[in-house]
Amino acid sequence: VKNTTVLGRYNSYESNNVDSCLTEDVGVIKANFERRMKKIPMIAKDSKSFSRYEIYDNKNKSSKNIILSWGSPKGAILDAIPGLKCKFLHVKYIEPFPEELEKELKGKNIILIENSSTGMLGDVLREKTGILIDNKNKILRYDGRPFLADELNKEIKRKLK
Amino acid sequence: MTVNLSTSTKPTWCPGCFNFQILAGVKNYLTKKIKTEEDRKSYAIVAGIGCHAKIFDYLNLNGINGLHGRVLPTALGLKIGNPNLNVIGFSGDGDCYAEGMEHLIHAARYNANIKYFVHNNQVFALTVGQPTPMTEMGFKDKTTPAGVKYPPINSIRLMLAAGATFVARVFADFKQVEDVLSEAFNHKGFAFIEVIQPCLIFHPDAEYKKYTYNLQEKGHDKNNYQEAIKKAEEFDYNTINDKTKIPLGIFYQTEERATFEENLVSKK
């Protein structure tokens, strides 16, 4: 028996995909979850078509010092690093995790710069790849102000190897 | 030719729930209006979250069952997309006065041609009986063991103050719902209809029906704003005793203001 005969029905809750009526049927709920989970590898595949992180080599292509950051500190970092012996990796897209990051960061002296008190990107990196960033190598600012290029320049100099 | 508005989904409302009366009233009215499949496409329903929202599954019509408290923005979106659509919104008292209060006030201000039902059972029934902004003082449940300390909102007075152009209250009786819906569809503009729908399980003391009386039978002038305010203050949702009088019917109606759709067109 067809439940409903109209097609313009939308439901934001767990429902039968055919007629958009709410369901408590375990089979349908399970199938819906599995259908949604199938999208994640497809999103990961699609995400390779655009740039998920960017490397600014700062004329030091083979440097073992690498600055890791995401979001708004980018501008200040780009202003701070000319002349320093380091590269800069800016992450733009984190979920699904860009697996190539592991290759870029392994065995390097990673300096994490983040406008947060916990250094979340470091936690994600540890979770996804196992790479641990030393607490001494984190430059975190959490006083509600943005990073300034000249201050960053001094901080980074101290952490270079 | 008749169009079947029923679905084969099995209703999960409690036996004897007053929501069945509202469903029957809406269905009776629409069955008279919808003669062909083309007619069916000119109607859309929107529901929120709560016991009331199950009505979405039992009506074979186009529509959206959206987020908690967001019935009116969704309905407004439908109306902007297709101004000729007859949009009926269904909302509960928790959905409408707790989660979606700001939308309600602005919808009255915009005056879009939407017919809006509030199934008011004065309790969050789907999540087993927490108090809503409409629950009377002293109501106790597991989440408020000391009783509700705040007076309920007088929604009729609120909607009159917010500038709604059609304000009505009915009891959950299929005949009353059907009549008020046909009045609402004759109205040009936002129609706010509160349905007193006592919850049999989580708010069972409310014997509202025996205190009700009909405004239109008592000769209430529905075009008089001051009279409407006076009538709205007769019942405050808080005290129920022998002196309680609950006015039902259309409190206020005016078509002086332009509707949301007319303003959209005139802007072009």
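Predicted model: local features only at pLDDT ≥ 70, side-chain atom pairs only at ≥ 80, totals over all residues.
**Stop 1: across from A:Lys128**

A:Glu95 sits in the loop between β4 (87-91) and α4 (100-105) of chain A, while A:Lys128 belongs to helix α5 (residues 120-129), so the pair ties together parts that are 33 residues apart in sequence. If you like keeping score, the structure holds 16 salt bridges over all chains.

Step on to A:Pro96 and look at the bond joining them: the peptide from A:Glu95 to A:Pro96 is cis, with omega near -5°. A:Pro96 is also in the loop between β4 and α4.

**Stop 2: into helix α4 of chain A**

Carry on to A:Glu102, which is found in helix α4. Its relative accessibility is 27%, so A:Glu102 counts as partly exposed. Which residues does A:Glu102 contact, leaving aside its neighbours within four places in sequence? Show A:Thr129 and A:Ile131 and you have them.

**Stop 3: a lysine without a salt bridge**

Next, select A:Lys159 in helix α6 (residues 149-159) of chain A. Here's a curious one: A:Lys159 is buried yet has no salt bridge. How far away is the nearest side chain of opposite charge? That would be A:Glu155, at 4.4 Å; the cut-off for a salt bridge is 4 Å. What the side chain of A:Lys159 does reach is the backbone oxygen of A:Lys136, at 2.9 Å. Show the surroundings and, not counting residues up to four places away in sequence, you'll find A:Lys159 touching A:Asn109, A:Ile111, A:Lys136, A:Asn137, A:Lys138 and A:Ile139.

While you're in chain A, bring up A:Arg141, A:Asp143 and A:Glu151 together. These three are linked in a network of salt bridges.

**Stop 4: two positive phi values**

Move to the loop between β2 (53-56) and β3 (65-70) of chain A and pick A:Asn58. Its phi is near 55°, a positive value in a residue other than glycine. Click on A:Lys59, which lies in the loop between β2 and β3 as well. A:Lys59 has a positive phi of about 55°, although it is not a glycine.

**Stop 5: a patch with members from A and B**

The chain B member, B:Leu67, lies in the loop between β2 (62-65) and α4 (71-81) of chain B.

**Stop 6: salt bridges in chain B**

Go to helix α2 (residues 37-41) of chain B, which holds both B:Arg40 and B:Glu37, three residues apart, about one turn of the helix. They form a salt bridge, the closest N and O atoms being 3.0 Å apart.

For another chain B pair, select B:Lys209 and B:Asp173, whose salt bridge has its closest N and O atoms 3.8 Å apart. B:Lys209 is in the loop between β6 (191-196) and β7 (212-214) and B:Asp173 in the loop between β5 (166-171) and α8 (174-186), so this bridge ties together parts that are 36 residues apart in sequence. B:Lys209 is partly exposed, with a relative accessible area of 46%.

**Last stop: B:Glu255**

Finish at B:Glu255, in the loop between β8 (246-253) and α10 (260-267) of chain B. This residue is partly exposed, at a relative accessible area of 39%. Not counting residues up to four places away in sequence, B:Glu255 touches B:Asn186, B:His187 and B:Lys188. Where does its side chain reach B:Lys188? Look at the backbone nitrogen of B:Lys188, 3.1 Å away. From C-alpha to C-alpha, B:Glu255 and B:Lys188 are 6.4 Å apart in space and 67 residues apart in sequence.

Conventions. Residues numbered from 1 in each chain as written. Chains lettered and ligands numbered in written order. Heavy atoms only, no water. Helix = DSSP H or I, 4+ residues; strand = E, 2+ residues; numbered from the N terminus. Buried < 20%, exposed > 50% of the residue type's maximum accessible area, 1.4 Å probe, protein only. Lys, Arg positive; Asp, Glu negative; His and termini not counted. Polar contact = N/O pair within 3.5 Å; in protein donor to acceptor, adjacent residues only side chain to side chain. Contact = heavy atoms within 4.5 Å.
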